[in-house]
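Subject: Structure handover

Hello,

I am handing this structure over to you. Please open it alongside this email.

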Amino acid sequence: MAMAMASLSLHFSSTNPLILHRLRTQPHKPFSIKSQAAPVLSQDELKKLAADKAVDSVKSGMILGLGTGSTAAFVVDKLGLLLSTGQLSNIIGIPTSKRTQEQAASLNIPLSTLDLHPHIDLAIDGADEVDPNLDLVKGRGGALLREKMVEAASSSFIVVADDSKLVSGLGGSGLAMPVEIVQFCWKYNLVRLQGLFKELGCEAKLRVDASEKPYVTDNGNYIVDLYFQNPIKDGFGAGKEISALEGVVEHGLFLGMATSVIIAGKTGVEIMTK
């Protein structure tokens, strides 16, 4: 070992004395390599990515359906910014809830109604579940009736979501599938709704607010949330059965309505189309 070190020292001294000098005088510093993982985006950051991508489809002069919920709020924020900077102009928004109406108005987005603008160029909204056929569960934010009315009147409907909303079958997340019902005899309809889906292990619950009082929609109705142990096998059949019950106003199955779905995930933004 001593001979090897002497040989090494002689080699460096004969070829580059400066290097040898530094080796002798500088203290030893441990050398390590730290791997840098790609930054992990929060759920809100993923929603904003999807929202920004959807807004790329908005053109000046459009009539727009403005959705409701945490992801749709990012869309409304971006539209307000583009209007304020002059990158968009002459758009008119049709809000799907009082909450969205207030947000859009605060951003000086011109607003109107379906009464005055029955044809909508483009609607952008979030979703609570998205299946492989681009069928949706929506309405956990309580705005399902107005959302469905506005989005059904739209030539194109872009859904924005993060990848946690992807399911193999509707109801598969185990979270609420909402049904808006009239207040009159709500227990009667809750029992009937639960009975429709016994084989799917369905549990029906009246939605309540923070004070444990029945949640009331913008339309003055109640919501019964259906929780499924197994995914719904036939969405269109289920929707038809629910709608046939007297006292049901609307359900949260949005079937065959989405033109495209923009999903933000760990690998980037993916656009799903039929």
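Below is what was found in it, topic by topic.

**Ground rules**

This is a predicted model: local features need pLDDT of at least 70, side-chain atom pairs count only at pLDDT 80 or more, and totals for chains, interfaces and linings use all residues. Residues are numbered from 1 along each chain as its sequence is written, and side-chain values use heavy atoms, with hydrogens and water left out.

**Confidence**

pLDDT is the predictor's confidence in each residue, from 0 to 100. The protein averages a pLDDT of 88, and 86% of the residues score at least 70. Residues 1-37 have a pLDDT below 50. Beyond near neighbours in sequence, that stretch has 6 contacts in the model. A contact means heavy atoms within 4.5 Å. Where pLDDT is low, the predicted coordinates should not be read in detail.

Helices (H or I, at least four residues) and strands (E, at least two) are DSSP runs, numbered from the N terminus. Two strands pair if DSSP finds at least two bridges between them.

An open sheet of 4 strands has the order β8-β9-β7-β10, with antiparallel pairing. Its edge strands are β8 and β10 (248-251), each pairing on one side only. On average, neighbouring strands here are turned by 25° against each other, direction ignored. Such angles run from 0 to 180 degrees between N-to-C directions, with axes as lines fitted to C-alpha atoms, for helices over the stretch in contact.

Helix α7 (residues 186-196) packs on this sheet. It touches β7 (177-181), β8, β9 and β10, and its direction makes about 160° with that of β8. Helix α8 (residues 235-243) lies across β7, β9 and β10. α8 runs at about 160° to β10.

Now the pairings. β8 and β9 are joined by 4 bridges. There, L206 has V224 in β9 as its bridge partner. β7 and β9 share 5 bridges, and P178 is partnered with D225 in β9. β7 and β10 share 3 bridges, and I181 is partnered with V248 in β10.

Strand β7 deserves a look. Buried means under 20% relative accessible area, exposed over 50%, and partly exposed in between (1.4 Å probe, protein chains only). 5 of the 5 residues of β7 are buried, so the strand is largely enclosed by the rest of the structure. M177, V179 and I181 point one way, while P178 and E180 point the other way.

**T217 and E180**

T217 sits in the loop between β8 (203-206) and β9 (222-227). T217 is buried, at a relative accessible area of 5%. Its side chain makes a polar contact with the side chain of E180 (2.9 Å). A polar contact is a pair of N or O atoms within 3.5 Å; within protein, one must be able to donate a hydrogen and the other to accept it, and residues adjacent in sequence count only if both atoms are side-chain atoms. Leaving aside neighbours within four places in sequence, T217 is in contact with G142, E180, Y222 and I223.

**The cores**

A nonpolar core is a set of buried Ala, Val, Leu, Ile, Met, Phe, Trp, Tyr and Cys residues joined through side-chain atoms within 4.5 Å. The largest has 24 residues. V58, L64, L79, I124 and V160 have the most contacts inside it. The elements giving two or more residues to this core are α3 (43-55), β1 (63-66), α4 (70-84), β3 (120-125), β6 (154-162) and β12 (260-265). Apart from this core lies another, of 23 residues, among them L200, C202, L206 and L245.

**The three-stranded sheet**

A second open sheet has 3 strands in the order β4-β5-β11, again with antiparallel pairing. β4 (129-130) and β11 (253-254) are its edge strands. Strand β5 (residues 136-137) and β11 pair over 2 bridges. V137 has L253 in β11 as its bridge partner.

**Loop residues to check**

- N90 lies in the loop between α4 and β2 (92-95). N90 has a positive phi of about 60° although it is not a glycine. N90 is exposed, at 64% relative accessibility.
- E212 lies in the loop between β8 and β9. E212 has a positive phi of about 65°, and it is not a glycine. E212 is exposed, at 61%.
- G69 lies in the loop between β1 and α4. G69 is partly exposed, at 28% relative accessibility. The C-alpha atoms of G69 and G139 are separated by 8.8 Å, with the two residues 70 apart along the chain.

Best wishes
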